[in-house]
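My entries are below the structure.

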Amino acid sequence: MLSIKKLKVSIENNLILKGLNLDINQGEVHAIMGPNGSGKSTLASVIAGNENYKVESGSISFYGKNINDFSPDERAMMGIFLAFQYPVEIPGVSTINFIKTALNRIREFNKKKPLDAVNFLKTMKKKMNLVKIDRDLLSRSINEGFSGGEKKRNEIFQMAMLEPKLSILDETDSGLDIDALKIVSNGVNKLRTKDNSTIVVTHYQRLLDYIVPDYVHVLIDGKIVKSGSKNLAIELENKGYDWL
Amino acid sequence: MSEESKIIKEFTSKEYEHGWSVNFDADEAPIGINDDIIKFISKKKNEPSWLLKWRLEAFKTFKKMDEPNWANLEYPKVDYQKIKYYSAPKQKKSPKSLKDVDPELIKTFNRLGISLNEQKKLTGVAVDAVIDSVSIATTFKDKLSELGIIFCSFSEAVKEHPKLVKKYLGTVVPRNDNYFAALNSAVFTDGSFCYIPKGIRCPMELSTYFRINAANTGQFERTLIIAEDSSYVSYLEGCTAPMRDENQLHAAVVEIFAAKNAEVKYSTVQNWYPGDENGKGGIYNFVTKRGICFGNNSKISWTQVETGSAVTWKYPSCILKGDHSVGEFYSVAVTNNYQQADTGSKMIHIGKNSKSKIISKGISAGFSQNSYRGQVKIMKRAKNSRNFSQCDSLLLGNKCGAHTFPYIDVENKSSLVEHEATTSKIGEDQIFYCLQRGIDEENAIALIVNGYAKEVLKQLPMEFSVEAQKLLSLTLEGSVG
């Protein structure tokens, strides 16, 4: 589904990713771990098409198509979703209105009719339960005055609504207490199918107790230096990154 | 070009939709202004002699005054002798009813999306349609008159209701109030007149649609709204003009009188031609709008969505004379390309326990300059009065400017005045967030801007709120930072 080859990425002339390779198949969950500043969040942003980052060389392919030159919204319509580490606030725009606009654009791209109000609300209700988010919160301006946990739950709610093929969770566990972490993880797990894939970017092994990965990759200084099974995460938790 | 400036460019380069004009056979005054021109206008309108005298007095005052230069606006000096002060499409005979109106004129308004056909207008909006210097038609007049409501063109009011006109004309905005008000008083041509009798709640929205069509012509309309005790009316004004290379002048006066317990809601969606992307042409919009909350517990609320005009000079204001009276001002002013706007409100508190609220949302893009200028004055006798002002500026790109000039003057100790101001830019991260969800740039900006202006837009009558939202996105199409 996703194939990254020899990817070099810079921001403001600083090379961050220095020849990264990664292959993800349908139905897989991959965890990306690594110390601060190793390029984890850069990787997440670049896959989503953030134009602040410059791809110097290499390629990102999604379903066999090179998407290097695709705009962020094109990638989103193709099914790439990024759950932000720091979701932004948009005053005056409710999550409901926002996600409805997004959902219908994606449906249009997939040659589906827009959801009418009734069906939209039905779908919404179902997905709300998944992350235990209440209606009230969704009627408010996106993320404005939300607690850290509410913001992250809102990200997963949006993910549930848009049903992406590839979800990237960028440090979704940061700032979450254990209860919120369970709710969020539970939501993500329920959304897992044999067709969609997930990249979990995280600092800590803790999240991986709940969202169990098929593969764990260690990213250090812009390159994946080690890949392994979920046991690798436990090893890292015990030994740190220095031994690598 | 960076991504940011690319977005800005695309979003700001949308063409003006109403830039066409129609060739009507017109009845016009010679160019320039002098006593004879004023007599010509007055005669064209068969006015009583008191009104001609009133006009001539205003002109005398005008000649002694200087054009105001305190606003944060820069434009070449207007040559008042190069403007045509009267232009009316020729109609075979003066229309008695809608049936007699020249179909070409009706077509012109249809093209603007304004239907003068009463059967088609089921939404409950009565319209007075004004082209250049004259009112063409007013719908639903009969239905409204059953309730004693008068809604007609200003010229007709002078003929049919001279007592009311004489009693109120110039009482809220005196002839010598300011340069443009004096000019308007001398040469005003048409506009709307509206009278709501005691205890009546006007069952439909009243609206006036102003259209400048002729070249080299100024539009000087005058609107007078009188709400008697315990009455209510919601009024809406819309405006467009053709695209022309020269600047055209629009100097209107609106006066509102609210008696005891009366409430008047006045909404404007101003979309005059703003000039081209290089700042050529466009309307000079120099307007004086003021309402007086004369009686106790009266309320006047201004809502404006300003997207057009090359230069805007406009401060809809409230004189809160009645005790417990309420004045409100909600504004979204958008400037793009080389547009300039100096706009805001004045709230003059005289009555005890009077309350006012100012919510101003400026949005600047391109090379434009957008200024909020507002005055809150609480007089000594206005004990326990309150004002809350919030002035927000949103910048799209880094070549535009936003300015805030608040003047606050409180003469007693029991009153409370609050002023909040913020300036923000549409963040790249906000746009990226939208894009990441599959929303395209154009819609992302529309979403963010409309969210920002929501507090004001929700004050508009439902059907216009949707229009205004579309207009905001259109005006800004192509611009972010």
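These entries go through the interface, then a cavity, then the salt bridges.

**Entry 1: the interface.** I note at the start that this is a predicted model. I looked up who takes part in the contact between the two chains. Chain A brings 32 residues and chain B brings 18 residues. I then asked for the area buried between chain A and chain B. The value is about 2,100 Å². Carbon and sulfur atoms give 65% of that area.

Entry 2: I counted two salt bridges between chain A and chain B. In one of these, the side chain of B:Arg437 meets that of A:Glu155 at 2.6 Å, N to O.

**Entry 3: elements on the chain A side.** I listed the elements of chain A that give two or more residues to the side touching chain B. The helices are H1 (40-48), H2 (72-78), H3 (95-109) and H6 (148-162). The strands are S6 (80-83) and S7 (90-94). Which element gives the most residues to this side? H3(A) does, with six residues.

**Entry 4: a cavity.** I searched the whole structure for cavities of 30 Å³ or more and found four. The lining has 15 residues, and the closest to the centre are B:Ser360, B:Gly362, B:Asn370, B:Ser371 and B:Tyr372. Which strands of chain B each supply at least two residues of this lining? I found S17 (326-335), S20 (355-364), S21 (369-378), S22 (386-395) and S23 (401-410). By class, the lining has four nonpolar, nine polar and two charged residues.

**Entry 5: salt bridges overall.** Over all chains, my search gives 26 salt bridges. I looked at one pair within chain A. The side chains of A:Lys239 and A:Glu235 meet at 3.2 Å, N to O. How far apart do A:Lys239 and A:Glu235 sit in helix H9? They are four residues apart in this helix (residues 230-239) of chain A, so about one helical turn separates them.

Key:
Residues are numbered from 1 along each chain as its sequence is written. Chains are lettered from A and ligands numbered from 1 in the order in which they are written. This is a predicted model: local features need pLDDT of at least 70, side-chain atom pairs count only at pLDDT 80 or more; totals for chains, interfaces and linings use all residues. Side-chain values use heavy atoms; hydrogens and water are left out. Contact means heavy atoms within 4.5 Å. Buried area is the accessible area (1.4 Å probe) that two parts lose on being put together, summed over both. A salt bridge is a side-chain nitrogen of Lys or Arg within 4 Å of a carboxyl oxygen of Asp or Glu. On a 1 Å grid over the protein atoms alone, a cavity is a set of points where a 1.4 Å probe fits but cannot get out, and a pocket is an open set with protein on both sides within 12 Å along at least five of seven lines; lining residues have an atom within 4 Å of a point. Grid points are joined across faces, edges and corners, and a volume is the space filled by probe spheres set on the points. Ala, Val, Leu, Ile, Met, Phe, Trp, Tyr, Cys and Pro count as nonpolar, Asp, Glu, Lys and Arg as charged, and the others, Gly among them, as polar.
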